[in-house]
Amino acid sequence: MPPDGTSGMSGTSAVNGTSGMSGTLSIGELAAQARTTVKTVRFYSDRGLLPEASRSGGGHRRYGPEAPERLRTIRALRSLGVPVPEIGRVLDRGDTLEAVVARRLADLGGELAALRWREAALRAVRDGDPERLAERLELIGAVSVPPSTSALAHYWRRVLPVRLSARLRGAVTEAAVPQPPADPAPDEVLAFARLHALATAATDHCLVAHRPATAAHPDLLYDGLHEAYLLVAAALRADRAPGPGEALDCYVAAHARDSGTRDSPAFRRALTVRLAAADHPVMARYWHLAARLTPGPTLGGADSWLREALTTNVAAD
């Protein structure tokens with residue numbers, strides 16, 4: 001954007017009306033009427049935003065009587081950060097002012113979110129252990145600004161059973177991937193960065209270990225698990241201790257259907273052993289970090305509650 005002010009008018013005096021040359025304005029007269037500089041007028045003229053009405057005999061630019069109002073509109077839009085190409089579309093009626101303002105608001109929202117993230121990221125680096133500053137900087141620097149969840153979504157596409165329907169794959173991924181906070185605290189930036197690093201570093205062997213041990217009928221299993229997680233959400237919010245009830249019965253029934261059998265004390269004992277064997281520290285780490293970025297219960301928190309309830313139930317029998 002050119003220097004834009006009320007000084008530096010190249011010695012031209014302010015004129016209230018148009019000049020005598022066919023009702024047109026010289027570049028100096030236009031600058032004076034718009035209370036700006038000749039340099040500013042020339043800048044916008046060279047970019048096609050201020051069309052010339054004619055040229056004088058000496059080859060100097062002349063502008064029509066509508067030019068001052070057009071120039072004031074240009075300057076107002078530029079003061080709001082509207083890009084020059086978009087201003088051209090507004091002036092030429094190729095786009096509405098409302099649409100341009102709406103886009104600018106959306107762009108500004110993204111810019112502010114990026115600035116808030118950068119500020120929190122810098123604080124996270126500053127406030128860490130000085131001896132590990134470079135390590136923390138590299139960890140946080142690997143996350144794009146504004147942060148993207150694409151790496152986490154890709155992680156879940158690799159974790160979930162191949163034959164799971166698109167409907168459930170999308171639902172699980174949406175529930176499992178935490179969104180970056182709009183106004184993050186430094187520890188939230190660090191948690192997201194660690195989650196991003198975990199997801200991008202996970203090997204295929206590690207991912208296979210995360211999958212359910214059977215999942216012969218993945219849609220049956222995940223539909224049942226989803227129902228159980230919904231039932232246990234209230235218990236998690238109320239901070240109730242894991243125990244028997246409808247949520248646990250639904251959880252066990254989902255695993256039983258997937259295994260082609262029925263819920264029974266023997267199945268519950270076998271399921272407890274199988275789930276414990278399938279437990280993986282990377283997945284536990286994922287849910288620990290996700291919980292710091294999720295306002296409500298996570299899928300991992302619900303699953304842990306139900307598994308603890310199952311273990312307690314089996315031990316009591």
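**View 1. The crossing of helices α9 and α14 is left-handed.** In this predicted model, local features need pLDDT of at least 70 and side-chain atom pairs count only at pLDDT 80 or more, while totals for chains, interfaces and linings use all residues. Residues are numbered from 1 along each chain as its sequence is written, and side-chain values use heavy atoms, leaving out hydrogens and water. Left-handed means that the near helix is turned anticlockwise from the far one by less than a right angle; helices are DSSP runs of H or I with at least four residues, numbered from the N terminus. Helix α9 (residues 186–201) and helix α14 (residues 281–291) pack at an angle of about 155 degrees, with their axes 9 Å apart, the axes being lines fitted to C-alpha atoms over the stretch in contact and the angles running from 0 to 180 degrees between N-to-C directions. The two helices, α9 and α14, are therefore roughly antiparallel to each other (an angle over 145 degrees).

**View 2. The largest nonpolar core has 55 residues.** Such a core is a set of buried Ala, Val, Leu, Ile, Met, Phe, Trp, Tyr and Cys residues joined through side-chain atoms within 4.5 Å, where buried means under 20% relative accessible area, with a 1.4 Å probe and protein chains only. Those with the most contacts inside this core are I140, Y155, W156, Y251, Y286 and L306, and its largest share, 8 residues, comes from α9.

**View 3. A233 lies in helix α11 (residues 218–237).** A233 is buried, with a relative accessible area of 14%, and its C-alpha atom is separated by 9.1 Å from that of G301, 68 residues apart along the chain.

How values were computed
Angles under 35 degrees count as roughly parallel, over 145 as roughly antiparallel, 65 to 115 as roughly perpendicular and the rest as oblique. Buried means under 20% relative accessible area, exposed over 50%, partly exposed in between (1.4 Å probe, protein chains only).
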